[in-house]
Amino acid sequence: MTAKGKTRRAVSVVLCAAAVAGAVLAGGPAHAEPATDGEARRTAAPGWRLTDTGTDARFRGLAPVDARTAWAAGSKGTVLRTEDGGSTWRDVSPPGAGELEFRDVEAFDGRRAVVLAIGEGEASRVLRTEDGGVTWTESFRNTDPRAFYDCITFFDRRHGLAMSDPVDGRYRILSTADGGRSWTVLPDDGMPAALPGEAGFAASGQCLVSSGPKDVWLATGGGATARVLHSADRGLTWTATPTTIPAGDPARGVFALAFRDRRHGIAVGGDYRTGEPSPQAAAVTADGGQSWRQARTSPPAYRSGVAWLPHTRSAALAVGPTGTDLTLDGGRTWRTVDTGSFDTVDCTADGSCWASGEKGRVARLSWRP
C-alpha cells in the first residue's frame with residue numbers, strides 16, 4: 001500500500017470510530033457498519049482490547065509510535081516495547097532500575113526513546129536508549145533534594161523539556177537540544193511564582209505537553225486554584241491561567257492536558273482518592289490556554305489521561321481508574337464508553353490509540369462485535 005493509501009486508511013478508520021461512538025453517545029444501537037477501503041466492516045462497538053504484557057507493573061508512561069510499535073514505562077523500573085501491535089512485548093528495562101518509578105516515556109521510533117524516573121532527589125532521572133532498549137544511558141540525575149521531576153515532553157527529535165515541582169517557589173524546567181543526551185536547567189526568571197502547596201501530578205506523563213515547535217503547557221494542582229502554565233518559547237517565559245477544575249487540596253487539580261494544535265486543548269483531572277467525588281473534571285480552551293471553559297457534561301469521575309483522536313477536530317478520549325470517556329464536540333460533553341481501569345492514553349498519526357495502567361494493563365482501541 002502506498003503512503004497516501006495508508007494515510008487514507010488511517011483517516012477512514014478514525015472516522016469510523018467516531019461514527020460508531022457517536023451512535024453510542026446518541027443513545028442509539030452500539031453498533032455501526034463503517035467501511036474501510038470500500039470493504040464493509042462487521043457490526044462492532046468501540047472498546048479496548050487488552051494485550052498480554054506478562055507483568056503486573058503499573059504503566060503510567062506510554063509512547064505509541066504507530067499501530068505496531070509502542071513503548072510502556074512503569075513501576076519497578078519496567079520498560080516494555082512491542083513491534084507487532086501488542087501481540088508480544090519485550091522487556092527492555094534498564095539494568096539495575098528495579099527501585100525506580102518510571103512515569104513518562106517519549107519515543108522517537110522503535111529504537112530511540114527517553115524515560116523519566118520520578119521521586120525526590122536522585123530518584124528523579126532521565127535515561128535514553130538508541131538501540132531499542134538493549135542498552136541505556138543515564139543522561140540526567142537530579143542532585144537537588146528539593147526537586148521532584150514529574151513529566152517530560154519533546155517538540156521534535158532534538159528539543160525537549162522536563163519539569164519539576166517548585167523549587168524556591170517556582171517550577172524548575174530542564175531543557176535538551178540533542179534528543180535527551182544532555183540536559184540544562186533553564187533560568188526561572190520567566191516563570192511565575194507557584195501558589196502555596198501547588199505542584200504537578202506524575203500520574204500519566206501528561207502534566208507537561210507540547211504542540212508544534214515552541215508551545216508547551218504545564219498542569220498544576222494542590223494549590224487554591226488548579227492552573228495551566230503556557231510557554232511559547234520552549235520554556236523560557238511562562239504565563240499562568242486558572243482553570244475551572246477544582247483544587248484546594250493536595251489530591252485535586254489538573255492531571256493531564258492534550259492539545260491538538262497550539263490553540264485547542266483539553267484539561268482533565270479531579271480528586272484521585274478512591275471514592276471521592278470529582279465534579280467539573282474537564283475543561284477546554286480555544287485560545288491556547290489563555291482562558292478555560294468548564295465542560296457542560298464532564299466525565300463522571302477523576303480522569304488522569306487524555307488524548308485527541310488523530311485526523312479529527314473534535315473527538316478525544318479521557319481515561320482513569322473507573323473508565324474511559326469519549327467526546328465528539330471538542331471536550332464540551334463526555335460519555336463513558338468503557339469501565340476498565342487505565343492511567344494514560346495516547347494516539348498516533350496512523351490512527352491507532354493505546355491506553356495503559358495498573359496490573360500490567362496495556363490495550364489498543366478496537367471494534368468489538
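## Burial of Gln 206

A residue counts as buried when its relative accessible area is under 20%. In this predicted model, Gln 206 has a relative accessible area of 10%, so Gln 206 is buried. Its place is in the loop between strand 15 and strand 16.

Beyond its neighbours within four places in sequence, Gln 206 is in contact with several residues, including Cys 151, Phe 255, Ala 256 and Leu 257. Ser 304, Gly 305 and Val 306 are also among its contacts, as are Thr 344 and Val 345. For Val 306 there is a polar contact as well: a polar atom of the Gln 206 side chain lies 2.9 Å from the backbone nitrogen of Val 306.

## Disulfide of Cys 151 and Cys 207

Two disulfides are found when the whole structure is searched. One of them joins Cys 151 to Cys 207, with an S to S distance of 2.0 Å.

The link of Cys 151 and Cys 207 is right-handed, with 120° about the S-S bond. Cys 151 and Cys 207 are both buried.

## Disulfide of Cys 347 and Cys 353

A disulfide is also formed by Cys 347 and Cys 353, whose sulfur atoms are 2.1 Å apart. The torsion about the S-S bond of this pair is about 105°, so the disulfide is right-handed. Cys 347 and Cys 353 are each buried.

With bonded cysteines counted along the chain, the disulfides of the protein chain have the pattern 1-2, 3-4.

An open sheet is formed by four strands in the order 24-25-26-27, and their pairing is antiparallel. Strand 24 (305-308) and strand 27 (335-338) are at the edges; each has a single partner strand, so one side of each has no neighbour in the sheet. From one strand to the next, the twist averages 30°.

Strand 24 runs antiparallel to strand 25 (residues 316-320), and four bridges join the two. Across this pair, Trp 308 stands opposite Ala 316 in strand 25.

Asp 261 lies in the loop between strand 20 (252-259) and strand 21 (265-271). With a relative accessible area of 23%, Asp 261 is partly exposed, because the range for that class starts where buried, under 20%, ends.

The side chain of Asp 261 takes part in a polar contact of 3.0 Å with the side chain of Arg 260. A polar atom of the Asp 261 side chain also lies 2.8 Å from the backbone nitrogen of His 264. Once neighbours within four places in sequence are left aside, Asp 261 is in contact with Ser 211 and Trp 217. Asp 261 and Arg 313 are 52 residues apart in sequence, and their C-alpha atoms are 9.7 Å apart in space.

Definitions and conventions:
Residues numbered from 1 in each chain as written. Predicted model: local features only at pLDDT ≥ 70, side-chain atom pairs only at ≥ 80, totals over all residues. Heavy atoms only, no water. Disulfide = S-S within 2.5 Å. Buried < 20%, exposed > 50% of the residue type's maximum accessible area, 1.4 Å probe, protein only. Pairing = 2+ DSSP bridges. Axes fitted to C-alpha atoms, helices over the stretch in contact; angles between N-to-C directions. Contact = heavy atoms within 4.5 Å. Polar contact = N/O pair within 3.5 Å; in protein donor to acceptor, adjacent residues only side chain to side chain.
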